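Hi everyone, thanks for making time for this.

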Amino acid sequence: MSEARKLAAILAADIAGYSRLMGEDEARTAKAVRERREAAMPIMRAFGGRLVKTTGDGVLLEFPSVVAAVECAILIQKMMAESNAELPEAKRILYRIGVHLGDVLIDGDDIFGDGVNVAARLEGICEPGGLCISGSIYEHIEGRVCAEFANLGEQSLKNIARRVRAYALSPAAVAAARVEQPELAAGSSSSPPVSMRREPPRLSLVVLPFANLGGDPGQDYFVDGVTDSLTTDLSRIKGAFVIARSTAFTFKGKPMDVRAIGRELGVRYALEGSVERRGDRLRVNVQLLDAQSGSHLGAERFDKPLADFFDMQDEIVTRLVNQIGVELVRVEATRSERNQNPDARDLVFQGMAWSFKGLTLENVARARAFFERAIRLDPDNVAALAWTSIADLATARSFHSDDAVARLASAETAAAKALSLAPDNPLARLSLAFVFAQTKRAEQAIAHCGRALALNPNFAYAHALIGFCKALVGRAVETEAHVREALRLSPRDVEAHTWLLYVGAAKILLGRHEEAVAWLRRSIEANPNNSVAQFHLAAALAHVGRFQEARAAAAAGLAIHPQYTIARHEAVPLSDNPVYLAGRKLLFEGLRLAGLPEGAAKAG
């Protein structure tokens, strides 16, 4: 009897000519098959995969991430090719691998259903030593996996009612693919060869914090705003992988070795530069660097009136794309949404500077004051409206606010106006998605995040918010994969602690309390001052019987937020989904076991 349905990335593999090999030398073949399978397991685990089951000649694996499934498949085939290199052709063991993203039914540790069937059928049409993936997989990995897939078109697969578009890697294309060797589990004796290490994606970039050459430290916020705006524009290039601003800015004010940064972030290029603001003129110098060798690839200087700031941005992006040598499909030059009032823009940059310090109540209040001033100068300033909405949401859901209902209403009004002014602005989309996520409209939030990602595929916050919302609609098992993608795009993000909390909370909803403890400890390591993470950790620890640690976590949370009560928390459900509500009961059971105060319910 199936227990649940979920969306999963499924990898099915079998051995070509297995019966013939067994017939020639059964004992040797069985031993070789077992050794190859054991060698592949550390790779699978390093990519977050789960071994569902094995058959005589094959394996079925499940992954939390589409990219992870494909990159794992490529590395396994590379490992097999090296193992076969010195063997006569007749004795080589060749895997065929199929990968599909689809619905599966869960039955204990087993999975079955359409997702598994399609993966198995794709494996059946795969060239030995190669890889065959479905169109649903290809849509997710295009531009994110360094491999050249051939389009096989629509395929009729055995016992599959619909035709399935398929893409393939030949053995030669597998050999040419560039996939980074993951960090293997401690104690693993299996180490894939160095040749398997992935080079960064072809168009991968980090915009490092620009230097302030004006001599006035008070202008740092403006220089940071220029850097942030450039990052946003570059993120909209189709096929680009651009590190999020929050991670890039962790290098600010530190000695920077561009090669070390490239290795850490997994990017091929780095952009660095300087900004000098004098009166009504702006001078920007930019340098494009090879993050692997550290060499300079080109430099440009731009000198324009401050009023032409956005024209300058477009020019910088276009020249960069030409230097990197890729086709710029379209950079969104939506001037209608761009504020032409330099004073208001200046205030927005100052507000953003406070927001990026972390969404504490003090920082939020200071940021919001700047956004309010910008709106008074320019009522249609899209960025100011979107950031005002985000600030109000942060206040409303802090468990400190006594006017949460009014804050939520204000947030929705500002976000809706921003989106009406600029439907193609990713930040406007995200701000409204945040509102929906906090007001029992998670499905709408997911849809708006999807639109934001269509406009800016590198929007880490949108990936993380989808993960949060998946838990609210009863699909908490999918949260981890979305958060992992956000962390890939911005591993040092100032809000990473919140994203880690999303996964920990989702694990509690699923009853996976040991996993929850691990994720929540990571969240608290990233930011010890998040009381919500401390309370969730207390609940998870209580569920696994570690009551002394649970009480310590509860006390740490109350030291940060002494007004917290379980009743106040219970009074504000974020969703009416029955699966979510059933899982939520586990959270409150754990909070009570940890000894948190019951209190009386308060509105808001």
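Before anything else, one word I'll keep using: contact means heavy atoms within 4.5 Å. And a note on where this comes from: it's a predicted model, where local features need pLDDT of at least 70, side-chain atom pairs count only at pLDDT 80 or more, and totals for chains, interfaces and linings use all residues. Residues are numbered from 1 along each chain as its sequence is written, and side-chain values use heavy atoms, with hydrogens and water left out.

Okay, the overview. The protein has 24 helices and 14 strands; helices here are DSSP runs of H or I with at least four residues, strands are runs of E with at least two, and both are numbered from the N terminus. Of the 604 residues, 56% are buried. Buried means under 20% relative accessible area, exposed means over 50%, and partly exposed is in between, with a 1.4 Å probe and protein chains only. If you take contacts between residues at least 6 apart in sequence, 66% of them join residues at least 24 apart.

Let's zoom in on Ser431. It lies in helix 15. Is Ser431 buried or exposed? At 0% relative accessibility, Ser431 counts as buried. What does Ser431 touch, once you skip residues up to four places away in sequence? The answer is Ala386, Ser389, Ile390, Leu393 and Ala415. Also, the C-alpha atoms of Ser431 and Ala391 are separated by 9.7 Å, and those two are 40 residues apart along the chain.

Helix 13 (residues 382-396) and helix 14 (residues 404-421) have axes that come within 8 Å and cross at roughly 160 degrees. Those axes are lines fitted to C-alpha atoms, for helices over the stretch in contact, and the angles run from 0 to 180 degrees between N-to-C directions. That angle makes helix 13 roughly antiparallel to helix 14. For the cut-offs: under 35 degrees is roughly parallel, over 145 roughly antiparallel, 65 to 115 roughly perpendicular, and the rest oblique. The crossing of helix 13 and helix 14 is left-handed, meaning the near helix is turned anticlockwise from the far one by less than a right angle; clockwise would be right-handed.

Who meets whom here? On the helix 13 side, the residues include Ala386, Ser389 and Leu393, and on the helix 14 side, Ala415 is one of them. The residues of this contact between helix 13 and helix 14 split into 12 nonpolar, three polar and three charged. Nonpolar covers Ala, Val, Leu, Ile, Met, Phe, Trp, Tyr, Cys and Pro; charged is Asp, Glu, Lys and Arg; the others, Gly among them, are polar.

Now a second pair. The axes of helix 21 (residues 531-543) and helix 22 come within 8 Å, crossing at roughly 165 degrees. Helix 21 and helix 22 are therefore roughly antiparallel to each other, and their crossing is left-handed. Among the residues making the contact are Ser531 and Phe535 of helix 21, and Phe547 and Ile560 of helix 22. By type, the residues in the contact of helix 21 with helix 22 come to 12 nonpolar, three polar and one charged.

Look at Ala559, which sits in helix 22 (residues 547-560). At 65% relative accessibility, Ala559 counts as exposed. Its C-alpha is 8.3 Å from that of Ser531, 28 residues away along the chain.

Helix 3 is mostly covered, with 16 of its 19 residues buried. As for helix 19 (residues 496-509), 13 of its 14 residues are buried, so it is largely enclosed by the rest of the structure.

Last stop: backbone angles. Most residues other than glycine have a negative phi. Asn159 is not a glycine, yet it has a positive phi of about 65 degrees. It lies in the loop between strand 7 and strand 8 and is exposed, at 66%. Lys440 isn't a glycine either, and its phi is positive, about 60 degrees. You'll find Lys440 in the loop between helix 15 and helix 16, partly exposed at 43% relative accessibility.
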